[in-house]
Amino acid sequence: MSQTLLTNATLACIDDSSGYGLRENAALLVDGGRIAWIGSTRDCPVSSANTAINDVEVYDCAGKLVTPGLIDCHTHLVYGGDRADEFERRLEGASYAEIAANGGGIVATVMATRAATVEQLFEQALPRARQLMSEGLTTVEIKSGYGLDSTNEIKMLRVAAMIENELGLRVVKTFLGAHALPPEYADRSDDYIDLVCNEMLPAAHAEGLVDAVDVFIESIAFSVEQGERVFAAAQRLGLPIKAHAEQLSDLGGAVMAATHGAQSVDHIEYLGNKDVALLAQNDCVAVLLPGAFYVLREQQLPPLGALREQNVAIALASDSNPGSSPLHSLLLTMNMACTLFRMTPTEALRGITINAARALGLAQQIGSLEPGKLADLVVWNVDRPAMLSYRIGMNPCVAVMQAGHWRKSGQGMSA
């Protein structure tokens, strides 16, 4: 069947400038993988019985909430090993410096990722992706960044493509070769950036594995000037850019990225209020990552008030990674954003739907329930959107549709 009709739904369309876009007793028609019509159930074009009529599958939502498919716009889902031992050692009193001196930190993940085969990385990443999918995820961004050489960065991006093919999940593949300085380039960061720009990125792009390019601009990573070099290389290839910036200090990375046309700047706890206007002027999305804030027990809050005042689009993401955010739940991400950052439930839901779509350059296709957009949607066993941020440890997802097709059990559904 090419047509599906949802009836008796509470739709959170997310189709206005700031709210849920709620429509009660509503119906939604899907045709050819896209949303064809939205209106009142009493005005729907076929019977509301939950049976197939005239080649239209009818799904009676019985008042349940329907939202756009969820979008995780910042993850590091592909990596080798884990860092649970470091988590335990930190809580027993070891410092980050002590752990790093003993081969821990990001270097440990790089070594484990380099040692793993494509098949091993794929097998390790699948459960992480499926867990996110069980809560209504339909689109995910997956970064490289734990290979830090051409062979292993490409290996990570191939795994991301394999996840897309295996799960039917929409995957945006982001090259993050400038994530950290690999051990073999100690004290030679400019030489490593040359490698990133002249060899690693072009090789990954030549294989069709790069949808966007990211860089970590921070005192423990790369400078603003080095970030500019990576962005120039990306833009020569016609690739969109984004940045990890202002997570631990204010180096000006977010401002530089925004003025170079970045889709998003992510973390930004230390972004100054005076610089937020530049994000708005350049239509740059602010991606907040409460999982890392929580795990690292940070104290510096992102400039939420200034972001609101300047009408900057605020997205949320899990930042799922083995070190600072071993988080695999967008519902918990929403709750963290509300409790830690004082975001509203409305802002949180918009943060993992339309604004996350904007952060990935996909807002014309997904992120809201509107005629013409792809039919990515989630049916929840709740009657109002705030319940998604309010409950902790509950998953009320009962059905997921991606591009007009219902997801089956085993494809990220809990049933």
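F341 is buried, with a relative accessible area of 5%, where buried means under 20% relative accessible area, exposed over 50% and partly exposed in between, for a 1.4 Å probe and protein chains only. The model is predicted: local features need pLDDT of at least 70, side-chain atom pairs count only at pLDDT 80 or more, and totals for chains, interfaces and linings use all residues. Residues are numbered from 1 along each chain as its sequence is written, and side-chain values use heavy atoms, with hydrogens and water left out.

The ring of F341 pairs with that of F293 in an edge-to-face arrangement, at 5.1 Å centre to centre and 80° between the planes. Rings of Phe, Tyr and Trp (its six-membered ring) pair if their centres lie within 6.5 Å; planes under 30 degrees apart count as stacked, over 60 as edge-to-face and the rest as tilted. Because F293 belongs to helix α10 (residues 290-295) and F341 to helix α12 (residues 330-341), the pair ties together parts that are 48 residues apart in sequence. Helices (H or I, at least four residues) and strands (E, at least two) are DSSP runs, numbered from the N terminus. F293 is also buried, at 7% relative accessible area. The structure holds 5 aromatic pairs, and ring pairs link Y185, Y192 and F222 into a cluster.

Y192 also touches P182, as do R114 and L148, when residues up to four places away in sequence are not counted; contact means heavy atoms within 4.5 Å. P182 is in the loop between β9 (170-178) and α6 and is buried, at 0% relative accessibility. D187 lies in the loop between β9 and α6, but is exposed, with a relative accessible area of 81%. Its phi is near 65°, a positive value in a residue other than glycine. Most residues other than glycine have a negative phi. E246, in the loop between β11 (241-245) and α8 (253-259), likewise has a positive phi, of about 55°, yet E246 is buried at 1%.

The axes of α6 (residues 189-206) and α7 (residues 224-236) come within 10 Å and cross at roughly 10°. The two helices are therefore roughly parallel, since angles under 35 degrees count as roughly parallel, over 145 as roughly antiparallel, 65 to 115 as roughly perpendicular and the rest as oblique. Among the residues in contact are I193 and L201 in α6 and V230 and A233 in α7.

Conventions:
Axes are lines fitted to C-alpha atoms, for helices over the stretch in contact, and angles run from 0 to 180 degrees between N-to-C directions.
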